[in-house]
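Here is a short report for a reader who is new to this structure. Have a look at the sequence and the model first.

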Amino acid sequence: MASKVALAGSTGSIGNQAIDVVHGAPDRFEVVALAAGSDVSRLAAQARDLRPSLVVIGDASLAGELAEQVPRGTEVMSGTEGLEALARSADVVLNAIVGFAGLPVTLAALVAGRRLALANKESLIAAAPLVSSVRNAAGGEIVPVDSEHCAIHQCLRACRESEVARLVITASGGPFRELSQDELAHVGLGDALAHPTWDMGPKITVDSSTLMNKGLEVIEAHELFGLPYDRIEVVVHPQSIVHSMVEMTDGSTIAQLSRPDMRLPIGYALGYPERLCSSYGALDWSTALSLDFEPPDRERFACLRLAEEAGRAGGSAPAWLSAANEEAVAAFLSARIPWSAISQVVAAALEDWDQAVISSVGDVVEADRRARESARRTAMRLEHAA
Ligand code: NDP
Ligand code: MG
């Protein structure tokens, strides 16, 4: 029987690729709900194609416009209430919303005991203490879509927990891997958006250029797999073929390899525990292939270091880091601050961090709000100083 699937963030990069995966395995998946932020026309076109029973639009003022464009009988909802309804509506819930806005889907899916196919790392990072308390609800589980964590998830199937020595997360290094500190001071928006190996939404593409994405992924790995930070390593691997590795206590390392194609981890998470028959990203061993590895540079890419420090600090520090980064990236994407100021905005927010703990959704929302306030202040100061 086909599993019922809900796609949150269906109009984005991951969302569109998920629809491709669903079309490739029509006997495995039935889409019952879709959600987007504000792109009414694309969301409505997806609804006409996939015929879900529920569509959700983040921006409530657009619900009326959406209702006019979806097939008769499709329920239209909006905002947090809509996202929570979407999360309860399916067996498998893909969270591919970008940023903190994805929080209601993560929490509601786990509370309802659904399988959460998680691309939205920001919600896990901001609300880790809450996620860990709800993820053990009967039936609830997280299967990571992020390619590195999906790779680790696959490698861990080959060993016992007690046999794991370290997780090794690979990083492409982004478009600025070979630039000097001086050159980094002059990179522009177009340069940051030109990722060498992955085609992704703008926020994560900028995060990949600063290595903040890798820093967020270190925290994500700590939360998903429960290993302490000194057993999670980052290695730069420019080809993006080895998606991550697990080192065993006897020195053996198990890796997952494929061409960079997000449809593979998306299909893995939607179909788990059974693999799909559609092949995405299989390697061609009849042509030459080189795999390079080098350590990351935490001086040139301060965001990686800041994220690791926030992860180790715990409490609401990761929430502050992630929120400040979202504000800094938004300021960079709208050409208000230079690329090199992103890490300065985040560093200043972590200086302002109030050391609060997180024990309720209200605490997460408050941490997010305060961190954004701090980040906006610094961004404005840097903007006026430029
Ligand atoms: P995109 O920017 O391409 O897409 C974001 C999606 O989120 C869009 O569908 C957008 O809708 C939706 N959205 C934004 N705000 C809201 C809201 N308030 N309510 C409902 N939906 C909303 O991002 P990506 O697909 O690149 O990334 C999505 C997530 O997956 C991120 O957390 C990212 O870190 C993670 N990820 C992405 C990878 C990739 O290859 N792209 C790889 C690994 C992880 P609209 O179109 O209407 O704005
Ligand atoms: Mg990743």
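The report below takes up the strands, then a metal site, then one arginine.

## The model

This is a predicted model. Everything that follows should be read with that in mind.

One pairing can be followed in detail. Strand β2 covers residues 29-36, and strand β3 covers residues 54-57. Four bridges join the two, which run parallel. A33 has L54 in β3 as its bridge partner.

In general, side chains in a regular strand alternate between the two faces of the sheet.

## Strand β8 and its two partners

Strand β8 spans residues 164-171. Seven of its eight residues are buried, so β8 is largely enclosed by the rest of the structure. Here, buried means under 20% relative accessible area.

β8 pairs with strand β10 (residues 242-248) and runs antiparallel to it. Four bridges hold that pairing. Within it, V164 stands opposite M248 of β10.

β8 also pairs with strand β9, residues 232-236. This pairing is parallel and has five bridges. T170 stands opposite V235 of β9. So what is the sense of each pairing of β8: parallel or antiparallel? With β10 it is antiparallel, and with β9 it is parallel.

## The magnesium site

Which residues coordinate the magnesium ion (ligand 2)? They are D146, through OD, and E148 and E217, each through OE. The distances are 2.1 to 2.2 Å. Along the chain, these donors follow the spacing D-x1-E-x68-E.

## R377 in helix α17

R377 lies in helix α17, which covers residues 361-385. The side chain of R377 makes a polar contact with the side chain of D352.

How far is R377 from A63? In sequence, the two are 314 residues apart. In space, they are 33 Å apart, C-alpha to C-alpha.

Note on methods
Residues are numbered from 1 along each chain as its sequence is written. Chains are lettered from A and ligands numbered from 1 in the order in which they are written. This is a predicted model: local features need pLDDT of at least 70, side-chain atom pairs count only at pLDDT 80 or more; totals for chains, interfaces and linings use all residues. Side-chain values use heavy atoms; hydrogens and water are left out. A polar contact is a pair of N or O atoms within 3.5 Å; within protein, one must be able to donate a hydrogen and the other to accept it, and residues adjacent in sequence count only if both atoms are side-chain atoms. Donors are N, O and S atoms within 2.8 Å of the metal (3.2 Å for Na, K and Ca); water is not among the atoms, so sites may look incomplete. Buried means under 20% relative accessible area, exposed over 50%, partly exposed in between (1.4 Å probe, protein chains only). Two strands pair if DSSP finds at least two bridges between them.
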